[in-house]
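Welcome! Here is a short tour of a protein model, taken a few features at a time. Have a look at it first, and then read on.

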Amino acid sequence: MSIADNLLKYKNELDGEQVQLIAVSKYQQPDAIMEAYNAGQRIFGENIVQELVDKQVELPGDIEWHLIGHLQSNKVKYIAPFISCIQSVDSLKLLIEINKQAKKHNRVIDCLLQIYIADEDTKFGLGFDEVIELLRSEEYAALKNIRITGLMGIASNNATEKQTNDEFTELKVLFDGIKLSFFRKDDTFKEVSMGMSGDYRLAIEAGSTMVRIGSSIFGKRVIKHFKA
Ligand SMILES: *Cc1c(COP(=O)(O)O)cnc(C)c1O
């Protein structure tokens with residue numbers, strides 16, 4: 001099936017579920033992204049700052065770019081002018097830097113807090129205690145140029161269906177608790193970003209509002225960096 005066919009399949013499936021599709025275009029060349037764009041997709045996820053910046057310059061201006069990979073504080077300045085959502089915020093220090101750069105551009109940048117739910121050492125993210133501590137801090141309360149719109153998590157690789165389901169459920173339960181404690185009157189705190197090509201069905205059943213799908217839209221990734 002073509003990229004357009006794959007997208008159409010997801011659009012039909014997700015429309016009824018009220019779940020947003022983030023097309024993960026990391027390592028994809030601009031022509032593949034344009035194929036998805038021409039089929040109607042407007043939200044794309046990237047995980048490397050340099051690649052994202054190069055693509056943003058070359059591709060249509062109405063694309064909403066989401067950063068889904070680990071972000072170093074010293075690189076925030078490159079994406080601050082245009083990024084729609086930073087899904088991978090994993091420290092207060094990073095959030096403070098995003099706020100500072102957003103302010104320079106007179107913007108409020110939407111952010112998701114990335115929560116560590118996997119049973120692995122390799123994934124970035126805040127622990128459950130850390131996220132509460134962050135939200136209670138005075139430093140966070142002072143930030144006016146960021147807006148936290150939800151949580152993001154990545155399940156363990158190669159886990160059983162039960163384990164994946166447990167991890168997604170933990171994230172949803174945490175989201176519900178945080179919503180009640182910190183964002184009860186705030187309608188913009190509503191996203192639970194979880195689910196990828198291999199596990200998006202389980203994620204939706206557990207309450208995902210945003211799935212991040214790459215390989216089953218674009219085909220297997222050839223790890224070859226995009227060059228502008
Ligand atoms: C690559 C990536 C995805 C998409 O993974 P697929 O298995 O290709 O769908 C989703 N989320 C994050 C954070 C990623 O890095």
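In helix 2 (residues 30-38), the buried residues are Pro-30, Ala-32, Ile-33, Ala-36 and Tyr-37. Viewed down the helix axis, these buried residues fall within an arc of 160°, so they line one face of helix 2. The arc is taken from the directions that run from the helix axis to the C-beta atoms. On the other side, Asp-31 and Asn-38 are exposed. Here buried means under 20% relative accessible area, exposed over 50%, and partly exposed in between, with a 1.4 Å probe and protein chains only. Helices (H or I, at least four residues) and strands (E, at least two) are DSSP runs numbered from the N terminus.

What do the buried residues of helix 2 pack against? Their partners are helix 1 (3-15), strand 2 (43-46), helix 3 (49-58) and helix 10 (215-218), where contact means heavy atoms within 4.5 Å. Just after helix 2, Gly-40 takes a positive phi of about 110°.

## About the model

This is a predicted model, in which local features need pLDDT of at least 70 and side-chain atom pairs count only at pLDDT 80 or more, while totals for chains, interfaces and linings use all residues. Residues are numbered from 1 along each chain as its sequence is written, and side-chain values use heavy atoms, leaving out hydrogens and water.

## A buried glutamate

Glu-191 is found in strand 7 (residues 191-193). Is Glu-191 buried or exposed? Its relative accessibility is 8%, so Glu-191 counts as buried. The side chains of Glu-191 and Thr-209 are joined by a polar contact of 2.6 Å. A polar contact is a pair of N or O atoms within 3.5 Å; within protein, one must be able to donate a hydrogen and the other to accept it, and residues adjacent in sequence count only if both atoms are side-chain atoms.

## Aromatic pairs

Across the whole structure, a search finds four aromatic pairs. Rings of Phe, Tyr and Trp (its six-membered ring) pair if their centres lie within 6.5 Å; planes under 30 degrees apart count as stacked, over 60 as edge-to-face and the rest as tilted. The ring centres of Tyr-10 and Tyr-200 are 5.2 Å apart and their planes are at 65°, so this pair is edge-to-face. Tyr-10 lies in helix 1 and Tyr-200 in helix 9 (residues 200-205), so the pair ties together parts that are 190 residues apart in sequence. Both Tyr-10 and Tyr-200 are buried.

Phe-44 and Trp-65 form a tilted pair, 6.0 Å centre to centre with 45° between the planes.
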